[in-house]
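Take a look at the model below.

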Amino acid sequence: MDSRNRGRSGQPGGRGRGFGTQGQRPPREGGGQRGDRAPNDGPRRHYPLPLDTQGLLGDSPAIALEHPGLAFQRFIWYDRPWQLDQKHQQRVLREIAAQTQALSRETSPFSKALKALHDRAEAAQHILASAGWQARSITGTVDWRLVTGLGAAGVLEGSGMVLHRLYGFPYLPASGLKGLIKHFLRIEEQRHDTDPLIVQIFGDQKQRGAVIFWDALPTTWPTLDVDIINVHLQEYYAQHSEDGQLVPPADYLSPNPVYFLTVAAGTRFCFRLLSRDVSLLEQTVDYARKALELLGFGAKTRAGYGGLSVTESAK
């Protein structure tokens, strides 16, 4: 029976948007609940989504993978009842990473949408220029890999990633750049939060900042890579006990691999800053360049992630 005609309890004739897992036993492996066939005739895919949403997915897994953001944050599938182990997490992330390869083509609708977004941003800068605002842009190229939002809450353990809600590409939030510049000023110039320069740039509770930061968008649709954190002594670090005694670090403890997505090397991001004070804007852009190159952006920068080579775009 078509699942779109089921009610909250999963029975025919009901009304509402009942979940496919509500009021039912967990589906058997390979069947028992509506889902999509995995590629190469693999096991049936199950989505913990409302029944009407499951119906919209149709019979092709490609539908759920078209938008990387939705595939990563909403359309996580499972092939065994209620189990999302690390091996399965690796499969899910590899599919999403492979999809970004197709989206990065110039003929892709997603690539065209990203280009249109940049065109609108440049048009907005021209409009603001007529009102007295000055704009500067710098471009940061990822040296190796970059990951941001790793600790964000999500379905997959330890695999957070900041993806645009509408378009699905990874981007660097403006709040992250502001925090990075503040941190740079603290450690390099020993400035505190009440320092006049910091207050002038970022503002405080009494006045707004004189510099506007925009989210950094990739210049072209970026590709994603799957990376791994392999915790070798999880039980020791978690301080689990056996018979009331702590577990010692030993070679017999099983490693616990955690897979996550990263932005591939060579990806270029455009950082846009605006202000009416040209001198302050130039100074802030210089701080941004130094902070990005010295400290990097995002998570795991001490392990080599997030390094950027910065060049200034045409004014």
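Three elements, α5, β3 and β10, each supply at least two residues of the lining of the largest pocket. This is a predicted model. Which element gives the largest share of that lining? The answer is α5, with 9 residues. The pocket itself has a volume of about 500 Å³. In all, 25 residues line the pocket, and the closest to its centre are His118, Glu122, Ser137, Cys270 and Arg272. How is such a space found? Rolling a probe the size of a water molecule over the atoms shows where empty space is left.

Now turn to α5 itself. The helix runs over residues 109–129, which makes 21 residues. From its first C-alpha to its last, α5 reaches 30 Å. That is close to the 30 Å expected at 1.5 Å a residue.

Which residues of α5 are buried? They are Ser111, Leu114, Leu117, His118, Ala121 and Gln125. Look down the axis of α5: the buried residues fall within an arc of 115 degrees, so they line one face of the helix. The other side of α5 has exposed residues: Pro109, Lys112, His126 and Ile127.

What covers the buried residues of α5? The cover includes the helix α4 (86–103). It also includes the strands β3 (134–142), β5 (217–218) and β10 (268–275).

Methods: Residues numbered from 1 in each chain as written. Predicted model: local features only at pLDDT ≥ 70, side-chain atom pairs only at ≥ 80, totals over all residues. Heavy atoms only, no water. Helix = DSSP H or I, 4+ residues; strand = E, 2+ residues; numbered from the N terminus. Expected span 1.5 Å × (residues − 1). Buried < 20%, exposed > 50% of the residue type's maximum accessible area, 1.4 Å probe, protein only. Arc of directions from axis to C-beta. Contact = heavy atoms within 4.5 Å. 1 Å grid on protein atoms, 1.4 Å probe; cavity = no way out; pocket = protein on both sides within 12 Å on 5 of 7 lines; lining within 4 Å. Points joined across faces, edges and corners; volume = space filled by probe spheres on them.
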